[in-house]
Amino acid sequence: MAHLEETAVLRTQTDLTDRPDKTMDNNINQIPERAFHEHVEKVKNWTNAFYLDTGRSPLYFIRTFGCQQNDRDSELAAGILEKMGFRGTEIPEEADLVLFNTCSVRANADHRFYGHLGRLKPVKKGGWPLIGVFGCMMEQDVHVGTITKTFPYVDFILGAGAVRTLPFAVTQVLFNGSRKQKTVNLTNQRGLGDDVSLPIRRSDPHRALITIMTGCDNFCSYCIVPYTRGRERSRSYDRIMEEAENAVKQGVKEILLLGQNVNSYGNDRRKRGEENAPDFASLLQDISRLEGLWAVRYMTSHPKDLSDKLIDVISGCPRVESHIHLPLQSGSDRLLKRMNRRYDAAHYLDLVRKLRACRSGITVSTDIIVGFPGETEEDWRATLRVMEEAAFDAAFTFLYSPRVGTPAADWYDESQHEIVQERFERLVEYQNELSLRSNRAMEGRIVEVLVDGESRRDPSVLSGRTHDDRLVNFGSVQKDLRGGAGDTPPLLPTAGPGDVVRVLVKKAGPFSLDGEIIRE
Ligand code: SAH
Ligand code: SF4
Ligand code: F3S
């Protein structure tokens with residue numbers, strides 16, 4: 001991964017800490033649901049008129065950066081836009097409304113967003129397309145300032161997770177004469193909006209992303225998330241179950257439970273006096289019992305909060321995925337302390353041992369940061385030792401990226417860049433060896449795969465994931481050998497998105513398996 005220098009305007013500590021307390025829901029999400037629907041209707045009338053005028057529905061395009069919580073918010077935004085009469089397009093240049101869902105976690109996400117936004121300037125003519133920006137960057141005053149000053153052709157901005165405000169923003173832009181004046185700023189309007197009746201347009205109809213909590217209380221010293229997403233807030237157990245049950249009824253095969261720290265699900269509710277609010281292990285167990293579901297996945301688990309009860313659930317519930325994502329960040333106890341992670345390498349390895357013992361074949365993936373300020377060769381070697389002992393099946397590796405306002409940014413020493421870059425490359429190489437070793441063990445085996453669809457790189461190939469989260473590619477068509485007239489047997493599609501198929505693994509690479517579908 002290329003290291004990109006931070007060039008975006010930086011913000012100060014005060015910018016972060018002066019933000020209002022994000023545990024407070026304020027007006028917009030407390031307005032009655034009726035008002036949301038009224039605004040949806042207003043836009044719908046406008047899109048109808050647009051259709052009568054032009055013979056087509058207005059088109060939207062959403063570009064999403066960041067984590068799956070953002071993916072989920074974009075699915076909600078798409079659902080709301082479709083309800084208002086917009087239709088999706090894959091081509092940003094032909095859209096009438098372009099939305100960006102932004103991420104602040106590392107500098108390259110910032111840069112990519114501003115790059116895309118800048119490229120829209122020459123595209124925008126006579127006020128079209130409408131441009132809206134939301135997501136984590138819009139929780140930082142500096143970026144709100146940059147947008148309003150440097151990119152005045154942005155029509156509206158919303159806060160992270162505040163997709164419910166979308167109809168309000170669109171009506172303001174369309175009807176309140178705000179268009180030619182300035183960017184409509186609704187970033188102070190927020191709230192979890194625990195409302196299962198919001199429309200959703202899933203990217204994969206067979207996979208439901210369900211946010212179970214937002215925010216984070218951990219304040220790892222390198223991380224911006226607690227400042228952008230605010231304090232931990234868990235959704236109600238009943239609402240989550242209702243959403244999961246509905247999803248399965250609609251044919252969803254896989255549920256992905258999302259939170260920055262799913263293991264602390266419910267803590268905030270119990271602290272607020274809801275003594276019997278279920279914990280994550282119970283929630284996971286209950287969801288795994290839904291009839292018709294193929295797998296329930298979850299991320300992210302923080303090692304300091306992973307309970308024995310959760311390990312028991314993983315062990316006893318076959319529909320819980322055979323995989324866990326457990327970010328290590330560093331194998332050096334000294335750095336883990338400076339990162340404020342609140343576990344050490346021994347505790348982490350102990351968890352991995354318990355997990356591997358609780359279910360045979362479980363895979364473990366992780367996140368690792370290379371070049372955290374003050375990292376020495378010895379710290380880096382400690383990480384390699386933990387990687388070896390944990391035998392990670394996969395890892396996301398990141399170069400440390402200073403996030404202004406977080407404590408670690410003040411310790412950053414850019415002069416270490418070359419050394420860090422070299423360590424990064426060697427560590428990635430080592431992980432690739434570990435990943436390849438893990439995947440090689442699958443060669444010759446038959447695995448169950450939930451099909452996602454055609455592979456992005458080659459439409460003659462289908463791809464999907466195993467229960468233990470390995471990516472599998474296999475042929476999208478095969479000869480129908482059952483006979484029929486003529487010399488050449490017809491080619492039949494082997495499977496479609498949402499099917500669960502059995503695949504014989506022929507060849508393993510570090511990131512995927514190649515195989516052949518088994519015809520039952
Ligand atoms: N809540 C999750 C992770 C959220 S961010 C957890 O705690 O595990 C996803 C990953 O981005 C983190 O695990 C970390 O490895 C990486 N990350 C976060 N901040 C970073 C930074 N400033 N520089 C580089 N990587 C970072
Ligand atoms: Fe960031 Fe740490 Fe919270 Fe994860 S647990 S979101 S790394 S502060
Ligand atoms: Fe990025 Fe926000 Fe997710 S900072 S990683 S989109 S919580």
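Let's start at ligand 1, which has 15 residues around it, with Arg106, Gln260, Gln329, Asp367 and Ser401 as the closest. Keep in mind as you look around that this is a predicted model.

Three of those names are worth a stop, taken one by one. At Gln260, a polar backbone atom sits 2.7 Å from a nitrogen atom of ligand 1. With Gln329 it's the side chain that takes part: one of its N or O atoms is 2.7 Å from an oxygen atom of the ligand. Asp367 also uses its side chain, placing a polar atom 2.6 Å from an oxygen atom of ligand 1. So how much of the ligand's surface does the protein bury? On its own, ligand 1 would expose 540 Å², and the protein buries 91% of that.

Where does this shell come from? Two elements each give two or more residues to it: strand S13, running over 363-370, and strand S14, over 394-399. On the scale of domains, domain 2 (204-321) and domain 3 (328-441) each supply at least three residues to the shell. As for the kinds of residue, you'll find seven nonpolar ones, four polar ones and four charged ones around ligand 1.

The model holds 16 aromatic pairs, counting rings whose centres lie within 6.5 Å. Take Tyr114 and Phe151: their ring centres are 5.4 Å apart and their planes make an angle of 20 degrees, so this pair counts as stacked, the cut-off being under 30 degrees.

Phe151 has another partner to show you. Its ring centre is 6.1 Å from that of Tyr153, and here the planes stand at 70 degrees, so this pair is edge-to-face, a label for angles over 60 degrees. Tyr153, with 13% relative accessibility, is buried too.

Conventions
Residues numbered from 1 in each chain as written. Chains lettered and ligands numbered in written order. Predicted model: local features only at pLDDT ≥ 70, side-chain atom pairs only at ≥ 80, totals over all residues. Heavy atoms only, no water. Near = heavy atom within 4 Å. Polar contact = N/O pair within 3.5 Å; in protein donor to acceptor, adjacent residues only side chain to side chain. Areas by Shrake-Rupley, 256 points an atom, 1.4 Å probe, with all protein chains shown as cover. Helix = DSSP H or I, 4+ residues; strand = E, 2+ residues; numbered from the N terminus. Nonpolar A, V, L, I, M, F, W, Y, C, P; charged D, E, K, R; others polar. Domains from an automatic or database assignment. Phe/Tyr/Trp six-rings, centres within 6.5 Å; stacked < 30°, edge-to-face > 60°. Buried < 20%, exposed > 50% of the residue type's maximum accessible area, 1.4 Å probe, protein only.
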